[in-house]
Amino acid sequence: MKGWIRDVLEINRKVRESLHGQKQMNFLKLSSEITKLLRHSIHDIEAHIPSRIIVKMCEGWSPGHTTPKKAMVDLCIGDFMIRQILQYIPIPEIRRIWISEVNDKTFLSRLKNFPPIRQMFDLVIQVDVKFCLAIKDIEDKIIEELGFSKSSRGEAEQLLRNQNFLILLDDFDPSIINSHDLGNGWWNSDNTQKIALISFLFQSEVPVDLEIFNPYVPVDLEIRRNHHLLSWELFCRNVDEVVHSSSIQQLAILVFRQCSGHFLATVLMARALKEFKDVRIWQHASRVIGFLPTSHTQDKILLNALAFVLGHLGSANKCVKYCAFYLEMEGTNKVDLLERWMNEHLIETLDEGEQIIQHLVNAILLKSFHNGESVRMQDEIRKELVNLYKAEMNPIRLVELDGRGLVEAPKHEAWEEANEIHLMNNKISKLLDNPNCPKLSALLLQGNHHLRVISPSFFQCMPILQILDLSQTKIKSLPQSLFKLVQLRKFILRSCELFKELPIEVGELCHLEVLDLEGTEIIHLPVTIGKLTNLTNLKVSFYPQANGNRKSNSSDRIIPQNVISKLLQLEELTIDTSLEDERWNVTIKDIVEEVCCLNMLHFLKLHLPEVLLLNDLRNESSLINLSWMHFRLIVGNHLKRIISRLPHESTIKFEKQKSCLKYVNGEGIPTEIKEVLQHATAFFLYRHLDATSLSKFGIENMKNLKYCVLQERNEIESIVDANDHGEDVLGSLKYLNLHYMKNLRSIWKVPPYWRGSLSSLSFLKALTLYSCPKLTTIFTWDLVKSLDKLEELVVEDCQEINSIVLLTDERSWCGIALPKLKKISFHYMPKLISISGGQQIAPSLEWLSFYDCPSLKILSPEEVSSYELKVIIGEADWWSALKWNESEMFDPSNLDAIFIPIERDIDLRTQLAEINDQLQAQMQETEPSQQSGPDDSLENPAVEAETSSKQKQVA
């Protein structure tokens with residue numbers, strides 16, 4: 001949502017620039033951008049826009065139609081409000097919600113008893129606070145409602161901290177009580193906890209200082225009933241007088257309700273029904289808009305609305321179909337379109353075609369422009385029309401009910417004719433006992449976290465099932481009927497954390513090609529796995545088993561001997577184990593030998609407790625070759641510390657590399673590691689005992705290295721020593737991450753009077769530094785000249801760093817350094833005093849982030865001179881106190897428009913991730929328009945040719 005607001009502000013900025021003559025504007029393009037923004041559903045927008053703005057927008061929109069069935073409309077609007085509440089409940093930052101202007105007495109009861117609400121919260125309580133005059137009065141009433149006395153306040157608060165709760169404060173008066181401190185001792189970030197303030201006040205009665213976007217507002221979100229009434233007004237204005245018919249009123253509200261606040265669907269349905277007074281047509285409309293489509297779509301409401309509209313177009317339907325498939329995206333001249341329709345025998349006369357075009361424009365299936373001389377089709381409408389027409393031409397028997405919040409599986413009728421059934425990401429806890437599915441080839445059930453048991457006969461009548469996905473469910477065992485699925489080719493049980501034993505009957509699935517058991521807790525593989533000779537992909541995770549917990553008849557081997565060697569078709573093999581499991585030490589040597597027999601293998605993930613096992617993997621008799629295959633090899637012990645200390649985003653990026661080598665708790669520089677390193681594109685060195693620099697592993701062995709992570713290496717003082725190497729060092733490296741390097745003093749170590757030139761690190765795109773307490777400078781003057789491809793610099797908790805670059809011997813810059821640097825993030829750096837010492841850098845900079853940098857009090861215009869700068873992030877008080885070095889061409893107040901404040905009480909990484917996602921989405925939307933050339937780029941908002949406005953602060 002913040003991204004939508006930022007897009008609106010960006011359009012405001014463009015308009016201001018045009019009005020002041022700073023820049024010419026393409027108004028056709030601007031109109032398109034505004035139209036795109038207005039396609040949001042009303043409940044996506046309303047709660048984030050100040051009330052005064054909505055009031056001004058709607059001054060000419062005061063209710064023009066009385067509502068004869070007011071109670072029904074209230075129910076409908078109440079449902080919209082409940083849906084909006086559900087939309088924002090998963091956001092942890094939203095704790096206090098103000099629901100204002102409620103006038104439906106059943107609203108609270110429906111909200112409290114709504115099934116999804118009951119499922120989300122352990123406690124849902126309603127408290128009447130009408131006569132409460134202070135925070136303590138409200139808290140005392142809540143404690144009493146929980147069944148505690150006032151003297152047991154501590155016990156009640158402890159209960160609340162450990163529960164997912166929703167507290168509804170009925171008849172809350174914001175003019176009397178400021179809710180800012182309400183429940184301060186109850187919040188627990190591990191739980192879902194919300195307090196809803198229900199108010200019957202209207203805007204005119206609310207004090208000005210309680211407006212929702214005021215900095216002192218005591219709630220995180222306001223939901224107002226009158227905002228939702230806008231969509232009802234939109235419906236009434238487009239359906240016109242027919243809504244006043246006594247026989248239609250109730251059905252009109254039902255159709256409106258089914259549109260769920262979707263603006264485009266609301267207008268489509270209203271205009272399609274405008275001329276109909278036949279009750280049967282309205283009844284049909286209410287059914288169609290509520291259908292669950294069987295075609296592929298992400299917007300079922302819009303698709304259903306279009307299905308209804310097309311059903312009443314008659315002969316014009318074929319013209320719409322032609323436009324959906326063949327009308328140019330940018331539109332075309334109306335005369336040209338009419339000629340093409342005639343050539344395709346879709347119309348007989350131009351007059352007939354003119355009437356059809358006008359009808360389609362009135363129905364908003366087409367949109368006219370260029371004074372009515374041209375027409376085009378909106379992208380959203382085209383997309384869903386194509387889905388509809390393709391379903392007609394190639395009917396697919398697909399039951400697609402994923403992500404619908406279903407708690408029950410579809411009835412038997414839905415299964416009988418289906419080729420595929422998609423039920424993933426629901427809340428299904430029970431499946432049918434024995435569905436008849438003679439045509440079913442794919443069944444996707446992943447993400448049903450409530451599914452624990454499957455009926456013994458469930459798979460009995462699925463003779464041609466080929467794909468089965470039970471990932472992320474709570475199943476503990478598999479029914480016997482599953483092993484009768486002899487046609488099954490792909491079986492996925494990924495992340496089934498309660499699944500601990502794979503039955504020996506799995507060997508009966510003779511056509512199985514993919515078996516994914518990654519993320520399960522199975523103890524061992526059955527010997528019958530060796531019968532699955534068609535397997536091309538095997539992924540398995542093993543749960544560690546302590547010696548005392550083993551059954552007396554359990555084998556010491558995780559994988560029976562001579563099983564892997566029988567799977568000669570294997571192309572991908574992943575074996576994920578705990579290196580603390582002693583059974584793996586018994587098994588691993590034989591596994592390595594068997595892996596060496598798999599000549600079709602092109603991906604291998606394996607944990608090797610000892611370095612010497614690398615020799616067995618690469619011996620002369622081995623049929624695999626690390627130089628051309630992808631691998632994830634972990635050599636060493638105690639993997640848990642890696643997962644807990646390395647940031648998640650770094651792990652994700654590392655795992656995406658082609659061939660990864662992790663060396664854990666090593667000692668010395670083994671030849672085996674150096675030889676495998678020659679084939680690695682990613683290297684993770686974790687807690688090595690004695691290496692003093694990365695160079696010790698042989699820079700010549702890192703020619704293919706693109707990603708490097710060093711973590712908790714207390715002995716390393718520099719990454720590369722220039723004395724030991726030539727000029728081209730780490731020339732392929734793109735990503736360098738340094739974490740918790742206690743004694744790191746320099747990235748690149750050079751002699752005091754070194755005058756050599758560098759082409760090293762010439763492809764480095766991103767540098768990340770975390771907790772390097774003795775590092776004082778990031779780059780030397782010599783190194784920074786070679787970093788012409790660096791795009792991202794992230795530095796956190798490096799307490800001695802005061803600037804990016806150290807200028808040795810007072811040498812000045814030659815040109816602009818770091819020409820492609822787009823992102824700079826400095827966090828928790830108490831001694832940082834400048835970005836680059838006032839030198840001009842990073843002309844392509846887009847992102848600038850600061851947090852907890854108290855010594856950074858002055859910036860120079862040259863440090864933020866990028867014409868591409870899109871966002872500056874930091875604490876609000878830091879920004880307001882920041883001073884700027886004087887410049888005639890620079891007005892720092894122009895940067896206020898791109899400044900985003902960081903909240904101190906919300907996780908920093910979470911906030912940065914949200915801002916980054918919004919910025920990336922915005923950049924993707926504007927990217928096509930930027931491809932025409934450099935003249936189309938936006939001017940730097942901080943630099944003006946003539947500045948007459950007052951400087952923000954001048955040092």
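Q: In this predicted model, is the crossing of H10 and H11 left-handed or right-handed?
A: The contact involves Ser231, Trp232 and Phe235 on the H10 side, and Ala252, Ile253, Val255 and Phe256 on the H11 side. The crossing that H10 and H11 make is right-handed.

Q: Is H10 roughly parallel or oblique to H11?
A: Helix H10 (residues 225-239) packs on H11 with the axes 11 Å apart and an angle of about 125 degrees. Roughly perpendicular would need 65 to 115 degrees, and roughly antiparallel over 145. The angle therefore makes H10, relative to H11, oblique.

Q: How is H11 oriented relative to H13?
A: The axes of helix H11 (residues 249-258) and helix H13 (residues 279-288) cross at roughly 20 degrees and come within 9 Å. Angles under 35 degrees count as roughly parallel. H11 is therefore, relative to H13, roughly parallel.

Q: Does Ile301 count as buried or exposed?
A: Ile301 sits in helix H14 (residues 300-310). Leaving out residues up to four places away in sequence, Ile301 touches Gln258, Cys259, Ser260, His262, Ala265 and Ile289. The relative accessibility of Ile301 is 13%, and the limit for burial is under 20%. Ile301 therefore counts as buried.

Q: What distance separates the C-alpha atoms of Ile301 and Val288?
A: Ile301 belongs to helix H14. Along the chain, Ile301 and Val288 are 13 residues apart. Their C-alpha atoms are separated by 9.5 Å.

Q: Which elements are included in what covers the buried residues of H8?
A: In helix H8 (residues 135-145), the buried residues are Ile135, Ile138, Glu139, Asp140, Ile142 and Ile143. Just after H8, Gly147 takes a positive phi of about 95 degrees. The cover over the buried residues of H8 includes strand E2 (123-128), helix H9 (153-161) and strand E3 (165-170).

Q: Is Cys461 buried or partly exposed?
A: Cys461 lies in the loop between strand E11 (442-444) and strand E12 (467-469). Apart from neighbours within four places in sequence, Cys461 is in contact with Asn434, Pro435, Asn436, Cys437 and Pro438. Its relative accessible area is 26%, whereas burial requires under 20% and exposure over 50%. Cys461 is therefore partly exposed.

Q: How far apart in space are Cys461 and Leu440, C-alpha to C-alpha?
A: In sequence, Cys461 and Leu440 are 21 residues apart. In space, the C-alpha to C-alpha distance between Cys461 and Leu440 is 9.3 Å.

Q: What is the relative accessibility of Asn562, which counts as partly exposed?
A: Asn562 is placed in the loop between strand E15 (537-542) and strand E16 (572-576). Asn562 has a positive phi of about 65 degrees although it is not a glycine. Its relative accessibility is 42%.

Q: What percentage of the residues of the chain count as buried?
A: The secondary structure of the chain comes to 27 helices and 34 strands. Among contacts between residues at least 6 apart in sequence, 68% join residues at least 24 apart. Of the 955 residues of the chain, the share that counts as buried is 51%.

Conventions: Residues are numbered from 1 along each chain as its sequence is written. This is a predicted model: local features need pLDDT of at least 70, side-chain atom pairs count only at pLDDT 80 or more; totals for chains, interfaces and linings use all residues. Side-chain values use heavy atoms; hydrogens and water are left out. Axes are lines fitted to C-alpha atoms, for helices over the stretch in contact, and angles run from 0 to 180 degrees between N-to-C directions. Helices (H or I, at least four residues) and strands (E, at least two) are DSSP runs, numbered from the N terminus. Buried means under 20% relative accessible area, exposed over 50%, partly exposed in between (1.4 Å probe, protein chains only). Contact means heavy atoms within 4.5 Å. A crossing is left-handed if the near helix is turned anticlockwise from the far one by less than a right angle, and right-handed if clockwise.
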